[in-house]
Amino acid sequence: MLTNDILRRVFPLSRESDRKAYLPFLNEYMDKHGIITACRIRAFLAQVGVESAQLKAVEENLNYSASGLLAVFGKYFRTKAEAQAYARKPEAIANKVYASRLGNGGQQSGDGWRYRGRGLIQTTGRRNYALLEKETGIGFVECPDLLATPRYAALSAAAFWKRNGLNELSDRLAGAAEADVFKQITRRVNGGLNGYDERRKLYELACRHIGG
């Protein structure tokens with residue numbers, strides 16, 4: 001069982017109010033999804049800590065400047081003028097960059113904004129909301145904002161972890177290729193190695209404070 005003190009030590013930048021809000025749901029859904037060994041818990045918390053800014057952010061921040069759009073979404077904003085036209089317009093940005101993929105409709109459908117990333121490990125796109133709904137029986141497609149609440153933000157993260165084989169991958173962290181395994185986990189969660197150094201830092205804190 002996680003405790004408030006463990007969360008405080010592993011997530012030193014977290015707020016007391018957030019720890020109290022998430023703690024019961026993390027314990028409930030980690031248990032239900034097999035995140036119950038030291039290796040699994042450490043890896044899960046390290047990834048969740050970065051994806052959620054240590055429990056402070058459970059909804060994708062799309063409030064990009066023009067330069068930010070060119071750096072992060074250069075595939076969708078090919079000129080400075082185009083990026084400037086969308087800068088600081090989160091809804092328009094989401095509808096453009098998530099249009100016609102991840103199960104979303106076209107740009108005018110509004111699905112990009114409706115199914116933007118939410119949760120402790122961000123669920124993004126209509127297809128993934130529908131998958132989570134199928135697994136849980138909870139109406140996330142009709143009520144996507146549920147995933148920004150503590151209960152369902154924790155549930156979605158634990159479900160993602162189990163669904164993507166991350167329990168089994170985390171079991172290999174005890175072996176000699178620990179660094180390579182942690183990178184594999186990070187790629188499976190993030191799609192790349194964004195924030196890798198911070199993930200390692202939180203993982204080391206988790207190893208220090210979660211025994212077994």
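**Aromatic pairs in the predicted model**

Let me begin with two residues, Phe44 and Trp161, both of which are buried, where buried means under 20% relative accessible area, exposed over 50% and partly exposed in between, with a 1.4 Å probe and protein chains only. This is a predicted model, in which local features need pLDDT of at least 70 and side-chain atom pairs count only at pLDDT 80 or more, while totals for chains, interfaces and linings use all residues. Residues are numbered from 1 along each chain as its sequence is written, and side-chain values use heavy atoms, with hydrogens and water left out.

Rings of Phe, Tyr and Trp (its six-membered ring) pair if their centres lie within 6.5 Å, and planes under 30 degrees apart count as stacked, over 60 as edge-to-face and the rest as tilted. By this rule there are eight aromatic pairs. Phe44 and Trp161 make an edge-to-face pair, with 5.3 Å from centre to centre and 90 degrees between the planes. Because Phe44 belongs to helix α3 (residues 38-51) and Trp161 to helix α9 (residues 150-163), the pair ties together parts that are 117 residues apart in sequence; helices (H or I, at least four residues) are DSSP runs, numbered from the N terminus.

For Phe140 and Tyr152, the ring centres are 5.6 Å apart and the planes stand at 75 degrees, so this pair is edge-to-face. Phe140 and Tyr152 are both buried.

Finally, Tyr64, Phe73 and Tyr76 form one aromatic cluster.

Methods:
Helices (H or I, at least four residues) and strands (E, at least two) are DSSP runs, numbered from the N terminus.
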